[in-house]
Amino acid sequence: METIVFDIGETLVRDDRHWASWADWLGVPVHTVSALVGAAVVGGGSAEDALALLRPGMDVAEAELAREAAGRGEHLGERDLYPDVRPALAGLRSLGLRVVVAGNRSARATEQLSALDLPADLVVTPDRWAAAKPDPEFFTQVLKAADADPRTTVYVGDHPAEDLFPAKAAGLRTAHLRRGPFGHWWADHPDVVDSADWRVDALTGLAGLPGLVRERGAAHAGAARAGAADAGAAGGEGSVREPGRRPEQDGTPTLRALRSVR
């Protein structure tokens, strides 16, 4: 592998402040929004479904513009990053891998992420493209911007329908992250188990993925795997789950209607 591409929401960035800001904008308790988003996740729905229950008929895109105009729009800062983000990205770059950040966020988010000076070679969002995830064109544009070959590129994300499935269809290798509501709820679904080349519980587990750093030298790979093993022993933070293990299909929630909540 040569390039690792990361989703943003609930992969690098916690979304709790995002939903709290929506709750504040709509004048409802935070736990109400969180509960409705959770219900949407379980039902394979979207954020629009959750927010529409609070404000029937609301155009979410227009509401986002209104929030922006009122100075209460999207904001990403250091406190929004998961604690494993900087060490994981820096560790992968130290192995000689190209690190790219690419997700469905606005131009404002791109500026804010860039200002955080993450240990990444490139930060891109689809604000200037005619496509966003899960459109296959999104992945075409990401690979073009990163000058990357899909056969030597891994896409890391939590959302099966937005990250895992379309990245796989575009020819990339995939790592499913058990993080956030989608990452946890759908982690053991048979479709996710079958589609993910790797499944990880934290970004610190990426450095120990079998074959990921094979071309980067045995010494680097050995050190990376040893570090991942230590992280796993210290509490499972960097553990890697085997992709071949399938849960029982009876009663498993369907992914058929799964859509985005971002």
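**Helix H8**

Pro 160, Ala 161, Glu 162, Asp 163, Leu 164, Pro 166 and Ala 167 are the buried residues of H8, where buried means under 20% relative accessible area with a 1.4 Å probe and protein chains only. Helix H8 covers residues 160-169 and is mostly covered, with 7 of its 10 residues buried. Helices here are DSSP runs of H or I with at least four residues, strands are runs of E with at least two, and both are numbered from the N terminus.

The buried residues of H8 pack against helix H7 (136-146), strand S4 (153-157), strand S5 (173-177), helix H9 (180-185) and helix H10 (190-195); contact means heavy atoms within 4.5 Å. Just after H8, Gly 171 has a positive phi of about 95°.

**Basis of the values**

The model is predicted: local features need pLDDT of at least 70 and side-chain atom pairs count only at pLDDT 80 or more, while totals for chains, interfaces and linings use all residues. Residues are numbered from 1 along each chain as its sequence is written, and side-chain values use heavy atoms, with hydrogens and water left out.

**The buried face of H3**

In helix H3 (residues 47-54), the buried residues are Ala 47, Ala 50, Leu 51 and Leu 54. Viewed down the axis of H3, these buried residues fall within an arc of 90°, so they line one face of the helix. The arc is that of the directions from the helix axis to the C-beta atoms. Helix H1 (16-26), helix H2 (30-42) and helix H4 (60-69) are what the buried residues of H3 pack against.

**H1 against H3**

The axes of H1 and H3 come within 11 Å and cross at roughly 25° (axes are lines fitted to C-alpha atoms, for helices over the stretch in contact, with angles from 0 to 180 degrees between N-to-C directions). H1 is therefore roughly parallel to H3, a label for angles under 35 degrees.

Trp 19, Trp 22 and Leu 26 in H1 meet Ala 47, Leu 51 and Leu 54 in H3. The residues of this contact of H1 with H3 are 6 nonpolar, no polar and no charged. Ala, Val, Leu, Ile, Met, Phe, Trp, Tyr, Cys and Pro count as nonpolar, Asp, Glu, Lys and Arg as charged, and the others, Gly among them, as polar.

**H2 against H3**

For H2 and H3, the axes come within 8 Å and cross at roughly 135°.

From H2, Thr 32, Val 33, Leu 36, Val 37 and Ala 40 meet Ala 50, Leu 53 and Leu 54 in H3. The contact of H2 with H3 has 7 nonpolar, 1 polar and no charged residues.

Terms used
Buried means under 20% relative accessible area, exposed over 50%, partly exposed in between (1.4 Å probe, protein chains only). Angles under 35 degrees count as roughly parallel, over 145 as roughly antiparallel, 65 to 115 as roughly perpendicular and the rest as oblique.
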